[in-house]
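Here are my notes on the model you sent.

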Amino acid sequence: MTKRTKVAVGGVAVGVVLLWLLPFWAALLVIVGIPVGAFLLLDPSQRTRLRRVSRKQLDR
């Protein structure tokens, strides 16, 4: 497995565990809040680069 696949599988596993342990709204807040917070911590130039790379991958 690639590193990206391992991260995705780990994220899904953590999401399922959080849904099981926490109330739905709290789990949803963590599952959505962490990626949004990480995106907001990027510099504007890093955000632009991330968007550009994501679009190139979608075009394939």
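1. A residue is called buried under 20% relative accessible area, exposed over 50% and partly exposed in between (1.4 Å probe, protein chains only). Leu 40 has 52% relative accessibility, so this residue counts as exposed. Buried residues make up 7% of the 60 residues in the chain.

2. On provenance, this is a predicted model, in which local features need pLDDT of at least 70, side-chain atom pairs count only at pLDDT 80 or more, and totals for chains, interfaces and linings use all residues. Residues are numbered from 1 along each chain as its sequence is written, and side-chain values use heavy atoms, leaving out hydrogens and water.

3. The chain contains three helices and zero strands (DSSP runs numbered from the N terminus: helices are H or I with at least four residues, strands E with at least two). The radius of gyration is 14 Å, well over the 10 Å from the globule rule for 60 residues, so the chain is more spread out than a compact globule. That radius is taken over C-alpha atoms, and the rule is 2.2 Å times the number of residues to the power 0.38. The C-alpha trace spans about 35 × 30 × 20 Å along its principal axes.

4. Where does Leu 40 lie? Leu 40 is in helix H2.
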